Structures are given as structure tokens and as C-alpha cells.
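This report goes through a few local features of one protein chain. The sequence and the structure are shown first, and the notes follow.

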Amino acid sequence: MRIVSLLASGTEIVQGLGLGEQLVGISHECDFPPDVLDKPRVSKPRFDPTALDSTEIDRAVRAAMAEHGAVYELDRDRLRELAPDLILTQAVCEVCAVPTSMAEEATDAVRGDVTVVSLDAHDVAGVFDSIRLVAEAAGVPERGARYEMSLKTRVAAVEMWVTGAARPRVLALEWLAPPFAPGHWTPEMIRLAGGESMLGTPGKPSRPVDWDELVGLDPDIVVVMPCGYDLARAAADADRYEERLVAVATRAVDAGRAFVVDGSAYFNRSGPRLVDGIEILAALFHPERFADYDLGECAAQWRPTTSPRASVRDDAS
């Protein structure tokens with residue numbers, strides 16, 4: 001079978017199922033795992049976000065949607081050359097990845113029969129459903145069952161370790177210009193990790209809010225996880241909105257419980273690394289119970305630029 005994945009989480013699922021050799025094309029945003037990054041790219045954004053800050057990206061996204069009705073475009077010629085049997089896409093967010101409607105329109109460029117599978121997870125259970133869908137479409141349902149069980153076992157282990165612990169009140173922000181309340185699976189991830197999400201509705205889309213709406217929440221912990229940003233870009237964005245963050249979460253910042261995380265890898269995508277994200281949050285919320293967890297480049301403590309920086313573990317010690 002020849003598989004083209006138009007979203008990063010789909011690519012990660014394919015690899016997790018041991019089907020990397022059958023992956024013949026990936027999207028512009030696919031950046032994991034490393035051994036599939038030489039695959040042909042079949043999509044690209046209508047603007048280059050690399051040098052843009054979050055305000056400029058928000059403006060460019062709105063302009064692309066207004067002018068083209070989409071943020072991305074497909075390389076129809078490349079897709080025809082690859083001749084996939086299976087195309088993976090999504091319909092959760094037109095801004096996050098190539099939408100199902102665009103993939104379906106492009107199938108007329110592919111000779112022969114092609115199956116389009118839309119991975120539309122809105123919660124953690126939906127991610128497991130996506131794994132089963134891909135496994136079944138690829139003809140390896142037994143691999144899907146094993147992979148799903150291995151991930152569920154890790155989630156259950158986190159739930160066991162946080163049982164009985166006090167639940168910190170957590171403010172998670174998925175964008176800063178404007179601020180976005182977390183949606184879909186993120187509030188559930190916070191709960192599974194032993195926290196209480198103060199903003200956002202599980203299973204529902206993320207939504208923009210005003211900074212004034214956040215004043216007075218007084219969270220125990222604040223986590224900045226901008227959509228599509230790695231750890232370094234998340235930290236830079238937090239620095240850019242330093243005054244706003246301090247005003248909204250003064251007590252959390254003063255207590256050393258403000259964090260930035262690699263949102264792109266572990267929180268924004270509806271793929272298997274959401275399980276890593278749950279483990280990361282548990283280590284941030286309950287360091288006394290997860291002292292051996294290696295946060296590496298996944299997360300870091302955030303402090304105002306006028307304060308000294310410290311790693312999460314250095315501060316906890």
C-alpha cells in the first residue's frame with residue numbers, strides 16, 4: 001500500500017504502526033520522526049511563517065482564508081506522481097493542516113482508486129480511534145490494537161500516580177496574540193495529568209479570549225503552548241507578552257510555576273505524542289511524584305526577562 005499523509009499526526013501514527021516504508025508522501029508540516037523527513041512533500045502554506053511573530057501569523061492566516069479560503073495548497077502534480085492508495089487528512093481545523101475537502105478535491109488528480117481517511121479527533125479517545133482507523137485502512141488492525149493498548153497503558157499509569165494528589169488550577173494558553181483558550185483534547189490532558197483546567201471546554205474548539213477576560217483567574221500554574229511552536233519559539237512568545245502573562249498569573253509566576261512547552265510536538269497535534277504531553281504535564285504539576293521524568297527539551301520554566309532563568313528541575317530542587 002502507498003500512503004500519503006497530509007497531517008503531522010497522521011504521519012506519526014503511520015510510523016507508530018510500523019508502516020513507514022509504505023509512506024510515500026508527507027505534508028509540509030511533518031517533522032517527526034526523523035527517518036521519514038526525506039519523503040516528498042505534497043503541500044505547502046500560502047505564506048512563510050518562519051520569521052513572523054504570533055500577531056503577524058494571525059494576520060496572515062486571516063488574509064489567506066479571506067482570499068483563498070485555505071491556508072495551504074496541494075501539489076497536485078506531485079500527488080499524481082506518487083499515486084497513493086490511501087490519503088490521510090483531517091477536518092478538525094482548516095488552519096492546522098490540509099482539510100479533508102481539499103484532499104477530496106485533489107483525488108481526481110490521482111489515477112486509480114484512492115481512499116481518503118479523515119482523522120477528526122476532538123479528544124484523547126478520538127486519537128485512539130484515529131489509530132484504529134489508520135490500522136484498518138492499511139490492513140493491519142492487529143497492529144493498531146497493540147499500539148493503542150500500549151498508549152492507554154501509559155495514560156493509566158499517569159492517572160494512578162496522580163491519584164490522591166491535590167489538583168492545581170491550570171491556565172493553559174494555545175496562542176497569545178490573541179490569547180486562545182485551550183480546546184479539543186487539551187483540557188482533558190490537563191485533567192488526566194492531575195490538574196484542573198480553568199479555561200476551555202473539553203471536546204470543543206479552542207477559542208479566542210480577551211486578556212481582560214483572564215485577569216482575576218489567579219491560576220496555580222500557567223502553561224504557554226502556542227499552536228505549531230517548539231519550545232524556543234514558545235519561550236520567545238511568552239517573553240514578548242511578558243507584562244500580560246505576569247498580570248494574569250502573578251502568583252504562578254512568583255512561585256516558579258509558569259511554564260512553556262513544545263506545543264507542536266506534544267500538545268497541538270491529535271497524534272500519539274499526546275500521551276507524552278500528558279506525562280510532561282504530570283511532571284510539571286506534580287514534580288514530587290515524577291522526579292525521575294526527563295523533561296529534556298519538552299518543557300521549561302518561564303520567568304520574566306528581568307528574572308534569572310532556571311530549568312524546571314533546578315528550580316524544584
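Two strands are taken to pair if DSSP finds at least two bridges between them. The model described here is predicted.

## The parallel sheet

Four strands form an open sheet in the order S2-S1-S5-S6, and their pairing is parallel. Strands S2 (23–25) and S6 (115–118) are at the edges; each has a single partner strand, so one side of each has no neighbour in the sheet. From one strand to the next, the twist averages 30°.

Strand S1 (residues 3–5) runs parallel to S2 and is joined to S2 by two bridges. Within this pairing, isoleucine 3 is opposite leucine 23 of S2. Helix H1 (residues 8–16) packs on the sheet and touches S1, S2 and strand S5 (86–89). The direction of H1 makes about 140° with that of S1.

## Aromatic pairs

Three aromatic pairs are counted in the model. One of them is a stacked pair of tryptophan 211 and tyrosine 241, with 6.4 Å from centre to centre and 20° between the planes. This pair links distant parts of the chain, as its members are 30 residues apart: tryptophan 211 belongs to helix H8 (residues 211–214), while tyrosine 241 is in the loop between H9 and helix H10 (242–248).

Tryptophan 211 counts as buried because its relative accessibility is 9%, and tyrosine 241 because its relative accessible area is 15%.

## Arginine 273 and two rings

Arginine 273 lies over the face of phenylalanine 32, 3.8 Å from the ring centre. The charged end of arginine 273 also sits over the ring of tyrosine 266, at 5.3 Å from the centre of that ring.

## Alanine 235 in helix H9

Helix H9 (residues 231–240) contains alanine 235. With a relative accessible area of 19%, alanine 235 is buried, since the term applies under 20%. Apart from neighbours within four places in sequence, alanine 235 is in contact with Val260 and Trp302. Phenylalanine 259 is 24 residues from alanine 235 along the chain, and their C-alpha atoms are separated by 8.7 Å.

## Leucine 295 in a loop

Leucine 295 is part of the loop between helix H13 (274–285) and strand S14 (299–301).

Notes
Residues are numbered from 1 along each chain as its sequence is written. This is a predicted model: local features need pLDDT of at least 70, side-chain atom pairs count only at pLDDT 80 or more; totals for chains, interfaces and linings use all residues. Side-chain values use heavy atoms; hydrogens and water are left out. Buried means under 20% relative accessible area, exposed over 50%, partly exposed in between (1.4 Å probe, protein chains only). Contact means heavy atoms within 4.5 Å. Rings of Phe, Tyr and Trp (its six-membered ring) pair if their centres lie within 6.5 Å; planes under 30 degrees apart count as stacked, over 60 as edge-to-face and the rest as tilted. A charge sits over a ring if NZ of Lys or CZ of Arg is within 6 Å of the ring centre and within 35 degrees of the ring normal. Axes are lines fitted to C-alpha atoms, for helices over the stretch in contact, and angles run from 0 to 180 degrees between N-to-C directions.
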